[in-house]
Amino acid sequence: MTRQRFGSVWDAISDTPQEAENMKARAILMRAINTRLDEFDWSQNSAAANLGLTQPRVSDLRRGKVGKFSLDALMEIAKKVGLVVELKISVAERCDLRR
């Protein structure tokens, strides 16, 4: 049996490299949002009211259920908790599209 090594858990469980990158971005954003929620010390009901979400949705957010949130939804929540998201774009080390 050969052991595979992956750069992250998202690389291991995603079907494509694009999906893995999307999941990584969502996880990073979700952690930042949860850090802000910790700073506010809101209950889930208070967070729901302040963010315009339902309490079960806040529960999913607090539990890190990345698959239940789109990148767009997390960007909107980030904005509501006062986060500014900056995007960094760089060329990949390996790109299979070059000919």
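A residue is called buried when its relative accessible area is under 20%, exposed when that value is over 50%, and partly exposed in between, using a 1.4 Å probe and protein chains only. By that definition, 24% of the 99 residues of this chain count as buried.

Good morning. The model before you is predicted: local features need pLDDT of at least 70 and side-chain atom pairs count only at pLDDT 80 or more, while totals for chains, interfaces and linings use all residues. Residues are numbered from 1 along each chain as its sequence is written, and side-chain values use heavy atoms, with hydrogens and water left out.

The chain has five helices and zero strands; helices (H or I, at least four residues) and strands (E, at least two) are DSSP runs numbered from the N terminus.

Two packed helices are described by the angle between their axes and the distance between the axes. Axes here are lines fitted to C-alpha atoms, for helices over the stretch in contact, and angles run from 0 to 180 degrees between N-to-C directions.

Consider helix 2 (residues 17–40) and helix 5 (residues 71–80), which pack at an angle of about 20° with axes 10 Å apart. They are therefore roughly parallel to each other, since angles under 35 degrees count as roughly parallel, over 145 as roughly antiparallel, 65 to 115 as roughly perpendicular and the rest as oblique.

How do helix 3 and helix 4 cross? Their axes come within 8 Å and cross at roughly 105°, which makes helix 3 roughly perpendicular to helix 4. Gln-44, Asn-45, Ala-47 and Ala-48 of helix 3 meet Gln-55, Val-58, Ser-59 and Arg-62 of helix 4.

I turn now to the interior. A nonpolar core is a set of buried Ala, Val, Leu, Ile, Met, Phe, Trp, Tyr and Cys residues joined through side-chain atoms within 4.5 Å. The largest such core has 17 residues, of which Ile-33, Leu-37, Leu-61 and Leu-74 touch the most other members. Helix 2, helix 3 (44–51), helix 4 (55–62) and helix 5 each supply at least two residues of this core, and helix 2 gives the most, with six.

Finally, take Leu-37: leaving aside neighbours within four places in sequence, its contacts are Trp-42, Ala-47, Leu-51, Leu-61, Arg-62 and Val-81.

Methods. Contact = heavy atoms within 4.5 Å.
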